[in-house]
Amino acid sequence: MIGLVLALAGLAACGVAVTWAYSHELRRMAAFLRTRAARSNARLTTDMPGRGFYELASAVNDEIDRAADDRRADLGARRDFQRDLTSLSHDIRTPLAGAKGYVQLAADEPDAARRAHYLDAAVARLDAMETLLGQLFAYAQANDPDLVLDPAPTPVLPLLANVLDGQRLAFDERGWEPTVSFDDEGLVLDVDPDALARIFENLVVNALRYGAAAPAVRQRGRSIVFANPVDNPASVDAERLFERFYRADPARTSGGTGLGLAVVGSLAQAMGMKVEAAMEGDELRITLRW
């Protein structure tokens, strides 16, 4: 009987010791998490036997790694945003400074014809700035987390025809005639018609601004392709075309902001469509898929 009592007492003592060891290890882990510097590379370790503590330490370290990855991504996003703000500031200041200069020249010019010329030049630069701000506003709208689209059955070909007709003057000035080929001329998509019109408008304007010849628009199955040759294919990084403020040739003075295709990408995603860009020889192809 005494032996049994002693055995039970030994088991109890052993249990107390194990409980104390577990409690001590958990407190040590908690202290590590409380005192660990936010940007430290320190890892949580454990010498306790069994898989329980090992898996706990592994899970904590996975969360530490994820937090570090998130911080790096956030830092990269902030750097990109700062770079974009610098680019936008330059794009706004340039036409504004030009307009101000021409207005000053006009104020000091006694000749009526030259004064009118200076004022026309000032208006042209203010128009460029208005276009830039309009594109910036469109980008902000397209990326608004509270953006609400209103999908409805939308005949696609008539909507595209309206967009092309709206750019008729620009096509005529270049002597271009866009070509349109639809396998299904009665194609109807359940999309927000204003958003799809904006996508088409931006793709057409992009072709007019950067293309070397008239664009071709082709619908095949569940995709629509906008294709046009470009002057300098080597300057186009197709994988970056939908990035905010990306311009294939920033030295060109065509008035682009690098926001038009970013808007296309954002609106397409909001409507559950995919948009892809690829260079095939000297031809840029932008494909919408649904």
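**Fold and labels**

Analyst: In this predicted model, the order of elements along the sequence is α-α-α-β-α-α-β-β-α-β-β-α-β-β. That pattern comprises seven helices and seven strands.

User: Why is serine 58 called partly exposed?

Analyst: Serine 58 lies in helix H2 (residues 51-108). Its relative accessibility is 29%. Buried requires under 20% and exposed requires over 50%, with partly exposed in between; serine 58 therefore counts as partly exposed.

User: Which distance separates the C-alpha atoms of serine 58 and leucine 44?

Analyst: The distance between these C-alpha atoms is 7.8 Å, and the two residues are 14 residues apart along the chain.

User: What makes strand E1 (residues 152-155) and E3 a pair?

Analyst: Pairing requires at least two bridges between the strands. E1 and E3 have four bridges, in the antiparallel sense, and so they meet that criterion. Within this pairing, threonine 154 has leucine 189 of E3 as its bridge partner.

User: Which residues of strand E3 (residues 188-191) form its covered face, and which its uncovered one?

Analyst: Leu189 and Val191 make up the covered face, whereas Val188 and Asp190 make up the uncovered one. In a regular strand, side chains alternate between the two faces of the sheet.

User: What share of the chain counts as buried, and how much area does the chain expose?

Analyst: Of the 290 residues, 32% count as buried. The chain exposes about 17,500 Å², of which carbon and sulfur atoms supply 56%.

User: What share of the contacts with a separation of 6 or more comes from residues 24 or more positions apart?

Analyst: Such residues account for 64% of those contacts in the chain.

Conventions
Residues numbered from 1 in each chain as written. Predicted model: local features only at pLDDT ≥ 70, side-chain atom pairs only at ≥ 80, totals over all residues. Heavy atoms only, no water. Helix = DSSP H or I, 4+ residues; strand = E, 2+ residues; numbered from the N terminus. Buried < 20%, exposed > 50% of the residue type's maximum accessible area, 1.4 Å probe, protein only. Contact = heavy atoms within 4.5 Å. Areas by Shrake-Rupley, 256 points an atom, 1.4 Å probe, with all protein chains shown as cover.
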